[in-house]
Amino acid sequence: MADSEIQTRDNETVIFDIDRRVGATQHLPGDGVPDGPVPMGSAWRASDLTEADWQVRIPEAALQEFDIIAGALAEYDEPLDSLSPDSFDWPATTDLMADVRARLSSGVGFVLLDRMPVETWTDPANRAMTWLLNEMIAPPIMQKWQGHRVYDVRDTGAKLEYGVRRSVTNLSQEFHTDGSFLAMIPDFFSLTCNRQAEAGGESLIASLVSAHNDLLENHPEHLKRLYEPFWWDRQAEHGSDESPANWLPVFTRHGDTLSVRYYDDYIRNGYRLMKEEIDPAGLAALAAMQEAVEAPDNRVAFRLRPGQVICAQNMQIAHGRTGFSDPSIKTEGGRLLLRYWLRTEGGIELDGVPLVSA
Ligand SMILES: [Fe+2]
């Protein structure tokens with residue numbers, strides 16, 4: 001039995017019983033390491049992809065529907081969650097977003113939607129339209145313990161420290177999945193570009209299913225460890241009497257469906273918070289995972305232009321970005337992406353409805 005002192009986001013000191021780890025989070029254990037590669041559409045090689053696999057041009061009929069609805073919402077000042085896509089008649093848009101969702105769920109797992117005419121719309125209309133399109137994929141969930149369902153990814157000038165996410169800085173971000181510390185991670189995430197940085201800020205996409213299958217072939221001993229739990233830093237997004245870290249695996253498989261949570265940094269921070277060392281097998285497995293994720297043919301890179309939207313399946317696709325520089329931050333301009341986390345189950349709370357351990 002060991003106790004660990006942790007600091008909450010309010011700088012309150014809480015003594016946490018590490019032996020509660022089993023109850024800290026729950027997850028369904030799944031089927032374990034498979035005998036052969038997981039055959040998902042999201043198991044691609046970058047050199048095999050064509051633009052048609054992941055780039056979707058918004059058709060003219062949908063753009064006309066957008067303009068009518070964005071005009072009606074130009075002065076919208078009610079809460080976004082009062083808006084439902086079912087309140088509008090937009091058949092071309094409905095078909096478009098059904099195609100996007102199918103590509104996320106059974107295609108290559110990510111889509112670049114090109115593009116919404118954001119420069120012609122008011123700020124309220126931009127936010128309302130982004131909300132409505134995301135709602136057509138799956139319900140937006142809270143991205144913070146205290147409730148934001150739309151999250152502005154922009155450089156706030158904040159320094160990276162405990163409880164400050166890289167998404168509010170101008171720093172690069174290694175490959176990761178969003179909300180990876182959650183027991184119920186978001187199924188999908190999306191970023192809508194309203195403004196781009198003056199330099200840098202390139203988006204990166206990688207297949208975690210391909211990384212998994214590569215590990216199965218080349219490093220099965222490391223893959224086995226990645227199916228077992230690690231400590232994950234919960235980013236101070238929890239109640240003051242709760243564990244600051246969750247105990248969860250990188251890979252979970254149910255039949256031919258692979259679910260992955262990945263953020264190397266969050267695992268290392270999770271162990272620091274719990275005052276434990278990562279076991280040698282865990283360290284070796286994380287190194288092998290990083291190498292597989294960052295393999296040259298496992299990467300698609302592009303720079304989002306204003307109005308473009310990147311959506312991805314968040315349990316099979318990792319994303320990252322390069323750092324950026326933005327002198328206009330001081331004048332309230334600068335890179336601005338609207339981020340959504342979308343989840344099909346568990347309600348809108350960040351942690352979702354707890355799963356029941358088998
Ligand atoms: Fe992210």
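Guide: Start with helix α5, residues 123-135. At 1.5 Å a residue, its 13 residues should span 18 Å, and the end C-alpha atoms are 18 Å apart, which agrees. The expected span is 1.5 Å times one less than the number of residues. Helices here are DSSP runs of H or I with at least four residues, strands are runs of E with at least two, and both are numbered from the N terminus.

Two remarks on the source are needed. Residues are numbered from 1 along each chain as its sequence is written. The model is predicted, so local features need pLDDT of at least 70 and side-chain atom pairs count only at pLDDT 80 or more, while totals for chains, interfaces and linings use all residues.

Helix α5 is mostly covered, with ten of its 13 residues buried. A residue is buried if 20 or more other C-beta atoms lie within 10 Å of its own, exposed if 12 or fewer, and partly exposed in between, with C-beta atoms placed from the backbone. The buried residues of α5 include Arg127, Met129, Trp131 and Asn134. What do the buried residues of α5 pack against? Their partners are the helices α3 (60-72) and α4 (91-106) and the strands β7 (188-195) and β18 (336-342). Contact means that the C-beta atoms of two residues, placed from the backbone, lie within 7 Å.

Of its 358 residues, 43% count as buried. Among contacts between residues at least 6 apart in sequence, 84% join residues at least 24 apart.

Another helix, α8 (residues 264-273), has Tyr266, Ile267, Asn269, Gly270 and Leu273 buried. These residues cover an arc of only 165° around the axis, which puts them on the same side of α8. The arc is that of the directions from the helix axis to the C-beta atoms. Just after α8, Lys275 takes a positive phi of about 55°.

Some of the strands form an open sheet of four, in the order β6-β16-β9-β14, with antiparallel pairing. Its edge strands, β6 (173-176) and β14 (300-302), each pair on one side only. Two strands pair if DSSP finds at least two bridges between them. Strand β9 (residues 203-207) and β14 are joined in the antiparallel sense by three bridges, and Ser203 has Phe302 of β14 as its bridge partner.
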